Each structure stands twice: as structure tokens, then as C-alpha cells.
Amino acid sequence: MTDATPKPKRKNPVARTRLPTLPPASRSRAALGLARAAAEGRFEMQACADCGAVQYPPREVCGSCLSERLDWREVANGGALIATTTLRHSNDPYFRERLPWRVGTVKMDAGPSVVAHVHEDCHEAGRVRLALKLDRSGQAVLHALPAEDTPNMNDSPQLRETHCDPKHRRVLVTDGRSTLGRAMVKALLDAGASTVFIGDPATWKADAGFDAFVASDPRIEPVALDVTDTDSVDRLAASIGAKVEILINTADHLRDGGVMNARDVGLARDAFDVNVLGLMRLAQAFGPTMCFRAADGTHGAVAWVNLLSIHALAALPARGAWSASKAAALSAALTLRAEFGGAGIRVMNVFPGPIDDEWEQLTPPPKLAPSAVAAAVVRGLRDGVEDLYVGDVAEELRARLRDNQKAVERELGG
Amino acid sequence: MRSRQSYDGVAAAVPFTVPYARYSTHAAHWWLGRALAALIRESGIAKADIDGVCVSSFTLGPDTAVGLMQHLGMSPRWLDHIPMGGASGVVALRRAARAVQAGDAEVIACIAGDTNHVDSFRHTVSQFSRFAQDAVYPYGAGGPNASFALLTDHYMRQYGATREDFGKLCVAQRDNALRNPHALMKKPLTLAQYLDARPITDPIHLFDCVMPCAGAEGFLVMTEERARALKLPRVRIRSTIERHNAYPDDPIQFRGGWAMDRDALYEHAGLSPADVDFVETYDDYPVINMLQFEDLGFCAKGEAPAFVREHDFTIDGSFPFNTSGGQLSVGQAGAAGGYLGLVQALRQLTNVAGAMQVADARIGLVSGFGMINYDRGLCSGAALLERGTA
């Protein structure tokens, strides 16, 4: 049985901060099909569209009938653990720091035999479930997990390398005054975050409800943060930057209005200032320190979360300026993902559908309860995914985009 | 199927080992060049008269055999590059033999060699193959130790082999190696030391692992008339086999391609396992020796542990085996490891094995095994060799 990860000890200020190392990241292009599934927490393998053979490792043609028509398909993830070993030596610096390390061979019910990381609670020669997880290099790897959940199984040292669990971590929620921000804080506290810094973009605006919320848990630390003000962002980073292990950017500027029929670009400028430049200011102020602290103790800096919108992928003309800012934020987030990659910090982009708050008053249901979005984000961190589609609207739009993007354009514009 | 033709009229000769070194500052070209020079010197054949070359090396990159020919100033009319790791020796022999038989070349130098810089092993392992890069190396980067640990774990569980069984083979090979001036391991090994060694990748412990090193091996293949004219002691090829990616549907490797081709091997030679005077297997890990005992017909599948308990594997023992000490005690010089057993067998059958000589050795069996591309070794080969007559 896995031991619960203990709360990290206070850091020795004179000890050298360990620098991050990463697991081997080279992959063939075909193998990156696994990353696509793992990024969303799905379990897919390459399968032949002609003969149906499931194959692993991924190939260029079907190893059975030589067809080039290869798909990625959700397949049964069960299997039998037929051999295991515990590595006490490794040729790679990342694994050398993490020995001993258990791996094994799993004969999948779906056909292939795979080499996988093996969870400590898996029994020798027993049944296992396979999961595709992103490792600290952001590459997909197979993990063999016990057939049934075991207590604290997510706390095993191997799985901790794949996820960003907020438990015992300090989190900054950049806008904690919004409905979603508050729900986010609450979910993080419930998940065992040790401190939640909640950004207050309007300290001048009295709000008894917010004050009561802040006073409701000693782990909440309100901080002044206006993401449109570089000085404000820099000041906060100077003060708490070395304590932030997860940053969740909830700041948003949602207003109705298209592109051509707006009187000026004022609304668009405001939306971009918060949603795009705000993200960049935060990245410049907090990113480098987070990178430096990615291997700092057992609970180093681990994740950066962007609350985007499904409309980052499909413009909603009624909110054209805002949609454009979300699309730009997504683009910036992809660059950020590449920049954080060297430290192994996960960038998770969240794509919710409409959220049931004051700015979506006129949007018809289904709408997402802020608490549901917050719960999904916590789940995403615990699962270690990097793209998170939340709610029926988002899921449906994503499916429609895959099916026919032109149809989506016409329908959203109608 | 058409019956295979014999190797009549072909001779293998001039076994040579360029003494191994743990690390080398030289390139693979240096090691291969020294092997070729030695074959020329020992045979008395002029460099220009070697009209065929067969090369195996992991560390020759970015060159292939072609670049090596310019490097060595050779103009062969027949050239082969065999990237089959531990099966390279047997495969080189059978390719070269057919080329000589067909008249495509008259004298073929078969050489294998690799250098070993302090970081070359990690480099080789991390980029060994596409499947290894995609689906093995990211899982702990244990290299071959981890892959063979899984096979060993499965074999022990399935067939009841113990560490003592593996240890007996390793200890016997070390005894043999103490008679081999080229062996890198110079100290005796006891079973107690074997069992007490530190674990590397359970159930693989220190003395189950070969030591990567630099070195080269070589031999010549030519017509029997040519060998006779040069007064070279020579070896006849009775039969050979090779197989690649055998039994792909086995969930984990517990047998190699030899099992598919064993009957053909003995039938073609008109021999049986009982006729074999000594055996040189590919021994990158002791479990692979057991697979070869079974798959080459010395005992049934799953009975190698009992076979090991029954026999003495030293040079003077009941089953003379890996008489050079094998890679486990000599060292693994990259692709040269795939030649080690063959070159040693040629020594035995040409009476130049010195202190390692197996008394009255007439028939030798050499087997090769190579390329753990993903989860199992893909190439297997074997040859039955006979002492040549004057």
C-alpha cells in the first residue's frame, strides 16, 4: 500500500536548490500519437483500419497486414503483468535521482505486450490497468496501475512524476474575487493545498462577502494583483514568487461585442490587456522562478493553469473581441508550454463552455457551475493532463470542430 | 522447399582477436583496421588480394562499411555490412561462405569491432533503435540490463531457474577465462561472490552483466584450395542457420529463432547434439545461455536449469562451454561480441586455443543472438563447424 506523501518540511535556506532533470524525451512522430491521448487523459493505441490489429510500439504501417491506414483508437486497458524488475541502476540522470524504479512487461488484453512503469501496489503476475500519462518531459508513457484503486495510490513516487496534485502545495489564483476564482480557491483548499494566494484586482472595492471568504480559512492569503499593471505583477512576484508551486490564471475580461460594429477597439484592448498581456506579464514575473524551483524538494513548482474558453478554438462572433483574446491567449500558452518544458512544468489549458456567472446572464443553459469548473481543474491537476475540456458545451464543440470546422463557423455565426 | 546446398569447398581460417580494452580513445576504424592488418599479417595474403570484406560495428557512425573501405584503402569487389549485433559472426560467416562458393570473391575478411569511450554506452543505448527510443528507454533507461531482467524474471518464474543455476554458468565461464590472456576479468569468481554481488536490476546482479569495452575480432573465409595452398589450418562449415523476429506473438521471449531452425541445422550437417564437442553461445546474460541449450536441442524447453545442474561447463568438463570465458568474463566489445564465440570456435578447431584447448575437439557449435530492438532479441543464428583435414 502506498504511503501518503508527508507534508514537506520547511526548506533549509542554505541548502542548494536541486535543478530539474527530465526523462528521455526523444520520440518518433508516430509515437507522438500517444501524447495526443495522454494530453487529455484518454487511453488510445494505434490500430489498423483494415485488419483491426492493435499494435505497440507505434509503427508506420500495420505490422500484421502492412496496411498504411492506421488509426488511434480507445482500446481495453486491462492486462496481465507477466514480468517485473526493479532498477537499481540507470543510464539516465533523471532516473538515477529516482532509483529504485519499477518497470514491467504487461500482456494487454487488446493484444500487444508493452513495457510500462509499474505502480508499487501492483502484484507480481497479477492483473493491472494501463494508463497513458505525461511524464515530466511532457511525453506520454504507460503506467501499470493496480486493477482496483488502492489507498493513496496517486501518492506513489512514480505517479507523482506525472501529475500536479495541489495537496501540500502553494497556489496562486490570480483573480480570486470572481465567482470562478472563489470556487477555484475553495476546491484547492478542499484538495489539501497548503496555502492559496488569492489575487485581488480591486483592493479599493469593499466587498464584505469577499472579506468573509478570505477569513474563512487560515490557508487563504489575499494579495493585491492587477494583471494589467506590470508593477503590480512584479511586486507580487518579488514578494511571493518563490512560494508559488501552481499558478492558476483565472483573470478574465468577458464582454459582449464583435469586431466590425464596435465603435472603437477599447473593448478589445481591455480584453487583450487582461487575457493576453496579463498572461505574458505573469509569465515574465513568475515563470523563471517557477522553473528554477521545479525540483525544489518533494513539492516543487509543478504547474501553470490557464482558464481559457472553448471559444479560444471557435470564435463566438457575438463576443468577437473576447474570443480573439482567448485565441491569442491560447497561442501564448503554447509558447509558454514550450518555454516551461525544459523545467518539466506542466502547462494545463482549460477550455470550459459558458460558466454560470453574472457575465453569462443571458446565455441559455447548459451552463457550468463555477464549482464544477474548479473541481475539473483539480481533477486535471491530479490526473496530470494538459488539455482539459469542461462541460457538455465544450465537449460537443470540440467534437464538432473535429468533424467539420466549417459547420461550426457557420452555426456559431448564425 | 529446396534443399540447401553444402558449404563444400569453403574454409574459415585465421581467427584473430585484437586485445580488448575497457575504454579506448581510438575510433572504431582503428580497431577494425587493426583487425584487418592482423588477418593480412597472419595469413600472408597481400592486402590487395583480399577482395571481399564483411563489417560489423555499432560505433563506426557516421561511416558504414563503405566509408571504412576508403579509410582502410581497400577496393573489394564484395562488401557487406551486418548490423546484427550478437548474431553478426554467424551471419557474416554464412554470407561470406556463399560468396566464396559462388565465386563473387576469393578471400573475404570478416571483421567486427567497436570502440568504447566513457560515454559511448549510454549513447548507444539511448539511440539503439526506434522502438527502444519510443517504448523502452523512457522506462527507467536501464538499457539491456532492464530488458533482460524482465526476460530473466519471467524465465525464473516459469521454469524454476534459480540464481544458483545462472551462477554456476558464470563461475564456469570465469574459470575458462582465467586461461584466456585476452579476458578482461582476471580474478577467479566463486558462487558465493556471484550470489552476494549487488543487485543491478532485479533479478540481474553484477556478475550477470557483461562489461562494455573496446575490441575487435576477425577471421578469413576463402576456398579450401586457397587455404591449403597457404598452409593455413582451417575449419569446414557443416551447416548454418539464421532467423529474425521469430515467434512475434510470444507475449515475452522464452525462446529464440534457433527453435524454428534447429532441425534444419542438424539435418543439413548430418549431425546431432550428441556429436558436438563444445558449444560457444552468445552470453550477454546467463538466461540467454539457457534458452540456447534448450532451443539448440541439448535439452527440452524448460529443462535448462536441470541441464545446468547436471553438467560441468569448464573447458575440461562434461559440456565444454564458452571456452574463452564468453562476454561475461572477456568483456563485450560491441559488435565484436557477436564474433567472440565464432572466433573462439575457429581457434578450437585449428588447434590454436592454447590453454583453452578442448581435447580432441572435432565438432563445435556456435550460436549468435542479437538486437534487442524492443522487448526481445530479434536475430538468432547458429553454425556447426568441423575441424578441417589437411
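How much area is buried between chain B and chain A, and what share of it do carbon and sulfur atoms give? In this predicted model, the area buried between the two chains is about 2900 Å², and carbon and sulfur atoms give 57% of it. On the side of chain B, B:Arg130, B:Tyr139 and B:Leu150 lose the most area to chain A, together accounting for 23% of what that side buries.

The table sets out the two interfaces.

| Interface | Buried area | Share on carbon and sulfur atoms |
|---|---|---|
| Chain B and chain A | about 2900 Å² | 57% |
| Domain 1 of chain B and domain 2 of chain B | about 3000 Å² | 69% |

Between chain B and chain A there are three salt bridges, and in one such salt bridge A:Arg88 is paired with B:Asp202, with the closest N and O atoms 2.5 Å apart. There are also 18 residue pairs in polar contact between these chains (both at pLDDT 80 or more). Among the elements that give two or more residues to this side of chain B are helix H4 (120-126) and helix H5 (130-135), while H6(B) gives the most, with seven residues.

Across the interface of the two domains of chain B there are two salt bridges, and the side chains of B:Glu242 and B:Arg95 meet in a salt bridge at 2.5 Å, N to O.

Key. Residues are numbered from 1 along each chain as its sequence is written. Chains are lettered from A and ligands numbered from 1 in the order in which they are written. This is a predicted model: local features need pLDDT of at least 70, side-chain atom pairs count only at pLDDT 80 or more; totals for chains, interfaces and linings use all residues. Side-chain values use heavy atoms; hydrogens and water are left out. Buried area is the accessible area (1.4 Å probe) that two parts lose on being put together, summed over both. A salt bridge is a side-chain nitrogen of Lys or Arg within 4 Å of a carboxyl oxygen of Asp or Glu. A polar contact is a pair of N or O atoms within 3.5 Å; within protein, one must be able to donate a hydrogen and the other to accept it, and residues adjacent in sequence count only if both atoms are side-chain atoms. Helices (H or I, at least four residues) and strands (E, at least two) are DSSP runs, numbered from the N terminus.
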